[in-house]
Each structure stands twice: as C-alpha cells, then as structure tokens.
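Okay, thanks everyone, I'll keep this short. Let me put the structure up, and then we'll walk through the side-chain contacts.

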Amino acid sequence: MKAQFLKVVNVAIISVYLIFLAGSIVRMTGSGMGCPDWPKCFGYYIPPTSENEITWKPNTEFKKGYIIVKDEALYVADSDLITNSEFNKKNWKPYTKHDYAKFNKFHTWIEYINRLISVLAGFVFLFLIYKASKFWKSEKRICYLAFGAFFLMLFEAWLGKTVVDTNLTPTIITIHMVVGLIIIALLLQLKFIISNNKERPYHKLFNRLLIISVIFSLIQIAMGTQVRQFIDEQVKLFGFENKNHSLMNPSFKFYFHRSFTIAIVLVNFAMFYINQLKNLGYKIINWVVFLIFLEAITGILMYYAEIPLGTQAIHLMSGALLFGLQFYLWLQSRKTVKLD
C-alpha cells in the first residue's frame, strides 16, 4: 500500500513544481493580469481569443457575468442581454476590484493555462488525501501531513484570487510563493516517511549547515519575488521592449538579494566539502551545488544581458528545486529513525 501511495505523493510533488513553472512563465511574460477576474477569465470558462469578443458592440448577445472593455474600463453584464444601438449603463456594472482594463490574447492564454495546471493539481491532491486516509489507524502522521498539504493548496487558490483582485500586490505574491514551498516541504516529508531510507552516518555540523541552508533559501526566494516585482514595475514604466531599464536604480532589496548569494554559496559548499571529507554518501548535495551554479549564472545573465528569454523561469525553478533538495537532504541527515 505504501508503494502505491508513494507514486501519488511523487505525482503531487511534480504537480506543485509544474505550478511553479507555469507561474514563472506567467511572470516572465508579464501575463499575471491576463485574466482580470478569478476563477473565470473575462467571465468565460474558456477565455476569449480576440479583443472583439470582449468589446461592446451593438446588437450583440452577452451572458450574465461576461466582462467587456469599454472606454478603458471593465464592465460586467448584470444579466443575459442583447445590446441596443447605444451603450446602456443600466445593463452593466463597473468592475471595481481593480482598474486593469487591457486585453492581450497571449497573456490571457498563458494565465489561463497556469490556472488549468492548478486545477489539475487540485484533483491530484484530492486523490492524495483519499489515499492518505487509509493510513489513519496505522500511521496518523501521514494523514496529518497529507491533509495539511491539501488545505494549504486551498489557501493557495484563495491567494491566487487575491493576487488578481489586488493587481499583483508584491506582499501577496511573496506569501503565495512561500506557501507553495511549505506545501513542497510537507509532501517531501510524506515521501521520506513512506520511502525505504537506508541508514546514514549522522554528522552534527553537516546537519546544522543544512538547516541554515534551508532557511537561507527561503529568505532568498522571498526576497527574489520582491526584486521581481520591482522589475515588473519598471516594465510598466518603460515598456516590455525596454528591458535594459528593468534594473535601473534598484532598491536595497536587489543588492541584498545579489549579495546574499555569497552566504548561500559558502554554506552549501561547506556541506559539499564535509560530505566528501567524511564520506557521508549524500549524492543530493551534488545536485544542490549544480542548482546554485545555475542560479548564479541566470542571475548574472539577467543583470548583464538584459534578462534573456527563459532566464527568469530557470532562475525561479532552480530556487524552488534547490529548496526541495535541501529540505529532503535535511530529512535524510537527521539521526536515523527506523521505519516499519
């Protein structure tokens, strides 16, 4: 039974990382407001493919809840209607959650696909808690972890709605990212519990450095979302085509994010050295070092090469994967507890 459940846990982990990937592409392309409402998109279950579909026109049928763009503002249909020759405000109510009233087919569908991936992940998590409930009598902590991850996914869905309603508020985006990492941590702990983990030598310093590395990664990722928001604001000012202005006069957060990389490199390379010196046998540490290298390279490219296409997504995914590997490595490095 544990072998089957392990497969479900692995699929759940992959689904969360797919959400990270989709979200990074949304941010990389500036598509966060591609759909102005949530969970629908311009009031549609399947989003519009042209601006013509959301533009007010005479003698046109609109369903209740459909959103249109008129005079650079959003309006929502109060009921099913067929328009007359002139716009009648009595049939429409202004959309008041935010004032972002633009349509870009490319952005809309990127954001919509991001939401579809989240919905599919939701079904995976429903199956996860169904399978986890079978362990209630034998190992309750499996149920606690699975249900905890599920409820945090629900919280993430609410945060996703809040991100859209508040027009990409930086603090909400940061919380959204950090909660996603907590879900990963819960799933990895589930994976560790039900996997056959061989006994490994316990090294006190290595374990403590791992704890520090996990905390450092959380701080770095949270700060990175703030830097990304600064870039988004610069793009709004200068236009997407002027990416060379994205890091013009950056704030303290950028310099902290850049310099803090040195501390992360030192801690993780110290772990790599101890692993080699004491022959601890942790192969994951090699991937940790590789991801740190990838993070540094993409960070340098973004700063000096005007954010080449794809580097933002790779940078974010590398950070999320790095956190996951470090956390799982920490689980392995603790004093071994023999499982059934």
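So, let's start with K63, which is partly exposed at 37% relative accessible area. Keep in mind that this is a predicted model. What does K63 pair with? Its side chain meets that of E61 in a salt bridge, 3.3 Å from N to O.

How many salt bridges does a search of the whole structure find? Three. Next up is R115, which bridges to E111 with the closest N and O atoms 2.9 Å apart. These two sit four residues apart in helix 2, residues 105-132, so about one helical turn separates them. And are they buried or exposed? R115 comes out buried, at 9% relative accessible area, and E111 counts as buried too, at 6%. The cut-off for buried is under 20%, so both values qualify.

Then there's R141 with E139, where the closest N and O are 3.0 Å apart. Here R141 is partly exposed, at 39%, whereas E139 is buried, at 15%.

Okay, cysteines. The whole-structure search turns up one disulfide, and it joins C35 to C41, with the sulfurs 2.0 Å apart. For those of you who like torsions: the angle about the S-S bond is -85°, and the link is left-handed. C35 is buried, with 0% relative accessible area, and C41 is buried as well, at 1%. One more cysteine to point out is C143, buried at 3%.

That's my tour; happy to go back to any of these on the screen.

Terms used: Residues numbered from 1 in each chain as written. Predicted model: local features only at pLDDT ≥ 70, side-chain atom pairs only at ≥ 80, totals over all residues. Heavy atoms only, no water. Disulfide = S-S within 2.5 Å. Buried < 20%, exposed > 50% of the residue type's maximum accessible area, 1.4 Å probe, protein only. Salt bridge = Lys/Arg side-chain N within 4 Å of Asp/Glu carboxyl O.
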